[in-house]
Amino acid sequence: MKITKDLEGKRVKITDIDNEIFEGIVSDYIYPEDNEPEGVAGICIEDCSQRPGDWIGFNEHDIKEIKITN
């Protein structure tokens with residue numbers, strides 16, 4: 001799933017490749033050249049019920065579907 005910097009600040013619902021669902025606010029976009037593995041974009045989400053008070057990172061290839069909910 002292709003992700004972009006435009007997602008920063010948006011509330012999203014993510015379905016990962018294991019069909020787990022995560023909802024939260026995209027706090028950061030990681031450019032492909034700055035991410036591990038290099039060449040794969042990523043995002044971090046906060047305000048997620050699975051990790052209250054923490055963040056969760058997703059690489060582009062780990063996201064099956066992403067929807068903006070706000």
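Read along the sequence, the protein runs β-β-β-β-β, a tally of zero helices and five strands, where helices (H or I, at least four residues) and strands (E, at least two) are DSSP runs numbered from the N terminus. The radius of gyration is 11 Å, close to the 11 Å that the globule rule gives for 70 residues, so the protein is as compact as a globular protein of that length; the radius is taken over C-alpha atoms, and the rule is 2.2 Å times the number of residues to the power 0.38. Along the principal axes, the C-alpha trace spans about 30 × 25 × 20 Å.

This is a predicted model, in which local features need pLDDT of at least 70 and side-chain atom pairs count only at pLDDT 80 or more, whereas totals for chains, interfaces and linings use all residues. Residues are numbered from 1 along each chain as its sequence is written, and side-chain values use heavy atoms, with hydrogens and water left out.

Of the 70 residues, 36% are buried, that is, under 20% relative accessible area, with exposed meaning over 50% and partly exposed in between (1.4 Å probe, protein chains only). Among contacts (heavy atoms within 4.5 Å) with a separation of 6 or more, 42% are accounted for by residues 24 or more positions apart.

How many disulfides does a search of the whole structure find? The search finds zero, a disulfide being a pair of cysteine sulfur atoms within 2.5 Å. Cys44 is in no disulfide, and the nearest cysteine sulfur, that of Cys48, is 12 Å away; seen from Cys48, the sulfur of Cys44 is the closest and is too far for a bond. Cys44 is buried, with a relative accessible area of 10%, and Cys48 also counts as buried, at 2% relative accessibility.

Most residues other than glycine have a negative phi, and most peptide bonds are trans. Against that background, the peptide bond from Glu36 to Pro37 is cis, with omega near 0°, and Pro37 is placed in the loop between strand 2 (21–30) and strand 3 (42–46). Asn19, although not a glycine, has a positive phi of about 65°, and its place is in the loop between strand 1 (11–16) and strand 2. Asp47, likewise a residue other than glycine, has a positive phi near 60°, and is found in the loop between strand 3 and strand 4 (55–59).
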